[in-house]
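We will go from stop to stop, picking a few side chains at a time.

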Amino acid sequence: MLLSATKSLLSDQLVFKGLKQGLTLFIPEEKSFAHWLEILDLQLKQAKNFFQGGAILVEIGERKLSPSEHGDLKRLLAKYRMTIKSFNPLEKKRFNPWPREIQKKEKQAEVLFFKGTVRSGQRLENDGHIVIKGDVNPGGEVVASGDIIILGALRGIAHAGARGNLQAEIIALTISPVQLRIAHIFSRTPEGREERQGPEIAHIKGEKIVVQRL
Amino acid sequence: MAGRVIVVTSGKGGVGKTTTVANIGTGLALQQKKVVMIDTDIGLRNLDVVMGMESGIIYDVVDLAEGECRSTRQSLVRNRRFKNLFLLPASQTRNKDAITPEQMREIVDELKEEFDYVLIDCPAGIERGFDNAVAAASEAIVVTIPEVPAVRDADRIIGLWLNAKEKDKEKKEPVLVLNRLRPDMVRKEEMLGVDDINHTLAIKLLGIIPEDEEIIIATNKGEPVILNQHSRAGEAFKNIVRRLEGETVPFMSFDTGIIGRFWNMLHGK
């Protein structure tokens with residue numbers, strides 16, 4: 001899910017992908033549903049010969065459709081001789097997970113390595129650890145279910161142990177964030193705190209996040 | 001060889017995009033380059049006024065996109081002083097949705113065959129206007145001023161450009177213009193310095209423009225400050241133009257003015 005929110009801002013286009021379950025239309029969670037319907041209409045008009053009708057899947061993510069929105073989508077697709085087979089094929093994958101062992105192994109292995117600056121408006125997410133070679137600027141966000149290690153300055157928001165792991169840690173060469181979060185605990189940089197050079201570590205002690213020299 | 005297509009963008013409004021386009025455009029024209037400037041701030045057009053070219057407008061970019069005028073050439077306004085400098089104005093009565101990124105790309109593709117430089121003046125914001133302005137460009141100049149919100153927005157814009165760059169291999173690394181710097185305030189640590197901003201944004205610096213009252217006068221007169229021989233800002237823009245042309249020009253020292261020298265003396269430098 002690397003920087004997905006910013007990417008879709010640039011390309012106002014809907015994506016059709018052939019998944020294992022079948023041809024799937026992806027409708028982003030951002031912007032209004034009506035907006036995407038308009039775009040879908042345009043796209044289908046342009047690609048009239050490509051889509052020869054048939055049943056498709058529709059991935060809408062967390063979005064909740066009202067009955068009228070549902071109806072609108074159905075009518076629009078019907079115009080191009082398409083029907084909806086089902087919604088959110090990706091969700092279903094989450095419901096029948098793989099055998100436990102495999103899942104565990106994968107989790108241990110999952111480290112996201114990111115080279116570059118996490119800029120304002122960008123969000124880096126990973127189910128696992130995150131290692132960044134570069135800075136996290138103000139307005140940038142890093143969210144990991146494990147630890148976060150930043151070989152650079154942390155000046156944005158970092159959230160380690162996002163699924164509730166109280167043992168998670170945040171390490172950076174300079175820790176001067178807007179906000180630190182570990183599991184469910186928040187902390188703001190105290191006002192007037194001088195930026196220190198040299199690696200520091202943030203972790204939970206008692207009920208608080210403390211930042212110390214590494 | 002096709003010309004270079006450069007978008008001037010910032011995210012935040014009022015940091016000097018239009019001034020930068022006007023001065024770089026004029027500076028390149030002074031160097032005998034064939035230049036066209038496109039104002040994509042549809043609904044809030046300014047570039048024509050800053051350039052003193054308002055009276056020459058007959059058609060605009062929306063007319064061109066919609067095929068209202070016979071040819072691309074017909075929609076361009078020629079500068080009275082520099083015969084090799086042209087402007088494709090924005091429409092004042094429409095809004096950003098009046099054209100699409102695809103239409104912009106078509107227009108620019110045609111222009112870059114004829115011109116050495118196509119400079120695109122991007123509107124503030126990150127919506128449709130930004131998409132339009134950025135779609136056809138292969139280079140980006142990000143303008144910011146030494147204020148925290150402006151730097152934050154510039155950072156966001158750089159991120160969006162880099163995303164676009166991933167999809168479009170013709171796009172190059174963005175460069176930075178730092179506008180309205182006040183060396184006296186930086187020294188007193190009341191303003192962000194060049195180093196602070198460079199450190200945050202981490203892109204190549206194309207130029208630093210000092211705060212200069214002459215810019216306000218020039219803007220109101222409709223005559224870019226680069227034409228003023230006595231302006232520090234004008235000199236800084238000339239340096240930017242030379243750097244764009246591939247020259248290595250050292251950055252201006254802001255301590256060599258009378259005040260700077262005096263200040264250095266006081267502090268034993």
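Select B:Arg94 to begin: this residue is partly exposed, because its relative accessible area is 36%, and the class runs between buried (under 20%) and exposed (over 50%), using a 1.4 Å probe and protein chains only. This is a predicted model, in which local features need pLDDT of at least 70 and side-chain atom pairs count only at pLDDT 80 or more, while totals for chains, interfaces and linings use all residues. Residues are numbered from 1 along each chain as its sequence is written, chains are lettered from A and ligands numbered from 1 in the order in which they are written, and side-chain values use heavy atoms, with hydrogens and water left out.

Helices (H or I, at least four residues) and strands (E, at least two) are DSSP runs, numbered from the N terminus. B:Glu66 is partly exposed too, with a relative accessible area of 39%.

Next, pick B:Asp109 and B:Lys112, whose side chains meet in a salt bridge (3.4 Å, N to O). Both lie in helix H5 of chain B, three residues apart, about one turn of the helix. Which of them is buried? B:Lys112 is, with a relative accessible area of 17%, while B:Asp109 is partly exposed at 36%.

**The aromatic stop**

Stay in chain B and show B:Phe86 and B:Phe115. A search of the whole structure finds one aromatic pair over all chains. The ring centres of B:Phe86 and B:Phe115 are 5.5 Å apart and the planes stand at 75 degrees, so the pair is edge-to-face. For the cut-offs, rings of Phe, Tyr and Trp (its six-membered ring) pair if their centres lie within 6.5 Å, and planes under 30 degrees apart count as stacked, over 60 as edge-to-face and the rest as tilted. B:Phe86 is buried at 2% relative accessibility, and B:Phe115 is buried at 1%.

Then jump to B:Arg243, over the face of B:Phe251 at 4.2 Å from the ring centre. A charge sits over a ring if NZ of Lys or CZ of Arg is within 6 Å of the ring centre and within 35 degrees of the ring normal.

**Between the chains**

Colour by chain and look at the interface. The contact (heavy atoms within 4.5 Å) takes 16 residues from chain A and 19 residues from chain B. Chain A and chain B bury about 1,500 Å² between them, 48% of it on carbon and sulfur atoms; buried area is the accessible area (1.4 Å probe) that two parts lose on being put together, summed over both. How many salt bridges are there between chain A and chain B? The count is one: select A:Arg119 and B:Asp155 to see their side chains meet at 2.9 Å, N to O.

**Last stop, chain A**

Finish with A:Asp127 and A:Arg163, a salt bridge with its closest N and O atoms 2.9 Å apart. A:Asp127 is partly exposed at 26%, whereas A:Arg163 is exposed at 62%.

Methods. Salt bridge = Lys/Arg side-chain N within 4 Å of Asp/Glu carboxyl O.
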